[in-house]
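Please look over the sequence and structure first.

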Amino acid sequence: IAKMKILIIGGTGVLSADILKKSIECGYNVSVLNRGHYNSQIPQNVTIYKANIRDIEEVKVKVGKEKFDVVIDFLSFNVKHLQTSFEYFRDKCIQYIFISSACVFRRKTEDGILLESSPKPNNELSYSIEKYECEVWLRDNAKETDCKYTIVRPYITYGNTRIPFGIAPLARYHWTIVARIMNDKPMFVWDNGTALCTLTHTEDFAYNFVQLYLNKKAFNEDINFVGDQVYSWQEMLETLYELLDKDKKNIVSIPTKKIARILPCYKEFLIGDRSLNAVFDNTKLKECIPNYKQNISLKKGLEMILIYYKEHNFLNGIDYKYDARIDKLIKKENGINFDFIDYLNAHRIKDRVTYSIYRNWGETQLNQLRILFHGIKKIMRLK
């Protein structure tokens, strides 16, 4: 019997990596298509097409005449991306799974628990608008093909390298949050951390996700792909503090509008998403996959993250840009001054410089500096 053939566009992100792993465990023939930046982590029995999905001619050369049962698209963030990918793969697969986002929903109080049919998009968030436009485009254009689509809407997923905090450091640098807490630097929540969020561990997500493959109940459907576990942001952060045996009084509440004013880089996601309740109905998901389960609690998931970072040399280290921004925010809120800490005894001069710049300069000044720097580089190239 031929194995089901799965192609993952991406495959090395926190979520896609666990889906890849679970697909292999299920005995499927798995391939990935990506630029190859983190492919050393991919198992040897996975076929790798090293290509940039934005360069479809390069993709055509690498993929050739190969066909698949299921193609999973993690990398389309606007209609142009999706159009390029889908128009190539629609004749190469039976089912095309587009990873959208539960951020697409409007988030007014009267919307309550969000169903697949709830109002869309969230006009406060450009990411939401573009993902929603992708969904509309896919529905309209898949009708003209034999390819079946499935639109999947995750909300906040977390795994070995990602702490599910709403305003987080760079990917693979989430030990920064732990380092701050362990060194008695405050962390923060917005508006007393009362907004509700739905959290799903990537291993649970992957277990359920692979049940969509060639699942006729999921053909030409949009699905809220979320778990049952709902927490306030305060509860999420307090759980991490408890695991680290640190004083929860060190969590500072700051109004959303004030955070957005001091750190405008976080404004859109804070106002358009993180400061709003995010609770979703997943009845449709459970109807599609009767073997649905969610086994990993928030506490267990956070314990797994702490162990993983310790066993992997804290991965990429400390995001000092993030650390500086939070220190700046705390100083503006309560006047307490914090300085650079070499959390892992491994800092570079670059880290101190980065921290100093983002701790002491305003975001507007930094943007102006970037524009000036790029202008100088352009002039130098012309010479």
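## Second largest pocket

Three helices, α12 (320-334), α13 (349-360) and α14 (363-382), each contribute at least two residues to the lining of the second largest pocket. Helices are DSSP runs of H or I with at least four residues, strands are runs of E with at least two, and both are numbered from the N terminus. The model is predicted: local features need pLDDT of at least 70, side-chain atom pairs count only at pLDDT 80 or more, and totals for chains, interfaces and linings use all residues. Residues are numbered from 1 along each chain as its sequence is written, and side-chain values use heavy atoms, with hydrogens and water left out.

The second largest pocket holds about 590 Å³ of space. Its lining has 26 residues, of which Ile318, Arg348, Lys350, Asp351 and Thr354 are the closest to the centre. By class, 13 are nonpolar, six polar and seven charged. Here Ala, Val, Leu, Ile, Met, Phe, Trp, Tyr, Cys and Pro count as nonpolar, Asp, Glu, Lys and Arg as charged, and the others, Gly among them, as polar.

On a 1 Å grid over the protein atoms alone, a pocket is an open set of points with protein on both sides within 12 Å along at least five of seven lines; a cavity is a set where a 1.4 Å probe fits but cannot get out, and lining residues have an atom within 4 Å of a point. Grid points are joined across faces, edges and corners, and a volume is the space filled by probe spheres set on the points.

## Cavity

There is one cavity of 30 Å³ or more. The largest cavity is lined by Thr200, Asp204, Phe205, Asn208, Val226, Gly227, Tyr292 and Gln294. Helix α6 (residues 202-209) gives the largest share of this lining, three residues.

## Cysteines

With a disulfide taken as a pair of cysteine sulfur atoms within 2.5 Å, the count is zero. For Cys93, the nearest cysteine sulfur belongs to Cys147, 3.7 Å away. Cys93 has 10% relative accessibility and counts as buried (under 20%; exposed is over 50%, partly exposed in between, with a 1.4 Å probe and protein chains only).

## Ser101

Ser101 sits in the loop between β5 (95-99) and α4 (126-142). Ser101 is buried, at 5% relative accessible area. A polar atom of the Ser101 side chain lies 2.9 Å from the backbone nitrogen of Cys103.

Technical notes: Polar contact = N/O pair within 3.5 Å; in protein donor to acceptor, adjacent residues only side chain to side chain.
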